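Student: I would like to go through the terms used for this model and see what stands behind each of them. Can we start with the strands?

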Amino acid sequence: MRLGHVIYVVKDLDAAVKEWRDKGFTVEYGRMKNPTNALIYFSEGPYIELLKDGGMSASSRKIMRFFGKGEFMNRFDYWANVPEGWTSLCIEKDSGGLEEEIAYLNSVGIEGTYMRNLKRVDTKGRDLRYKCYFTHDYNMPFLMSYFNIDPKPENYVHKNGTKGISKVVYRTDKKNADALKHLVHDEILEVIEGNDTKIEAVEF
């Protein structure tokens, strides 16, 4: 697996989109109607997700909890309430399902919820389909299969000259760090051990 994308939590999505566009990045909303996220794609390597409200309304999170999905919702509540800034990582698989990786995580005591039929239609009309495994411990990055359609532009350079993310430094506890080092083989991601979890740096 490799680093798929980096989540940057925002409180005002429209203002954040404007801010990143003013910095010279091309930003597209995740969907046309009532978007909760926006994406900054690069031709190669991980992309950036600007995320508002945890990607899910408070009422939807309450309903999920009512139906026994509390552990699943902890991550989304965290995203909804954490201060603005770099927050979480997604690790990604090029193709296929996530069963093998999930089995490994379960074997080392990392549980989660597997969502096999996720989809969204983006602003370009592409029907993007994918799978995710949301670990209940939100200090562990979640897993994702790659989209059925590649949304990344080819040979693209942003107006500010940025071609992609060159380095992400992620600090987490030993259990999660060991799991990440087992699963991820990507020179862009540097995993270090610490007493708390934090994205130490994102470099372009």
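Tutor: Two strands pair if DSSP finds at least two bridges between them. Helices (H or I, at least four residues) and strands (E, at least two) are DSSP runs, numbered from the N terminus. The model is predicted: local features need pLDDT of at least 70, side-chain atom pairs count only at pLDDT 80 or more, and totals for chains, interfaces and linings use all residues. Residues are numbered from 1 along each chain as its sequence is written, and side-chain values use heavy atoms, with hydrogens and water left out.

Student: What makes β9 and β10 a pair, and in which sense do they run?

Tutor: Strand β9 (residues 167–172) is joined to β10 by five bridges, and the requirement is at least two. The two strands run parallel. One of the bridges sets Val168 against Leu189 in β10.

Student: Why are β10 and β11 called edge strands?

Tutor: The open sheet has three strands in the order β10-β9-β11, with mixed pairing. β10 (189–193) and β11 (198–203) each pair on one side only. From one strand to the next, the twist averages 15 degrees.

Student: Which helix lies across β9 and β10?

Tutor: Helix α5 (residues 174–183) does, running at about 150 degrees to β10. Axes are lines fitted to C-alpha atoms, for helices over the stretch in contact, and angles run from 0 to 180 degrees between N-to-C directions.

Student: Why is α2 called roughly antiparallel to α3?

Tutor: The axes of helix α2 (residues 58–66) and helix α3 (residues 70–81) come within 9 Å and cross at roughly 160 degrees. That angle makes α2 roughly antiparallel to α3, because angles over 145 degrees count as roughly antiparallel (under 35 is roughly parallel, 65 to 115 roughly perpendicular, the rest oblique).

Student: Which residues of α2 and α3 meet?

Tutor: Arg61, Met64 and Arg65 in α2 meet Gly70, Phe72, Met73, Asn74, Phe76, Asp77 and Ala80 in α3, where contact means heavy atoms within 4.5 Å.

Student: How do α4 and α5 pack?

Tutor: Helix α4 (residues 99–107) packs against α5 at about 150 degrees, with the axes 11 Å apart. This makes α4 roughly antiparallel to α5. Glu101, Tyr104 and Leu105 in α4 meet Asp178, Ala179, His182 and Leu183 in α5.

Student: How do you know whether Met140 is buried or exposed?

Tutor: Met140 has 0% relative accessibility, so Met140 counts as buried: the term means under 20% relative accessible area, against over 50% for exposed and partly exposed in between (1.4 Å probe, protein chains only). Met140 sits in the loop between β7 (127–135) and β8 (142–145). Leaving aside residues up to four places away in sequence, Met140 touches Arg75, Leu105, Ile110, Thr135, Asn176, Ala179, Leu180 and Leu183.

Student: Which way do the side chains of β3 point?

Tutor: In a regular strand the side chains alternate between the two faces of the sheet. In β3 (residues 37–40), Asn37 and Leu39 point one way and Ala38 and Ile40 the other way, and all are buried.
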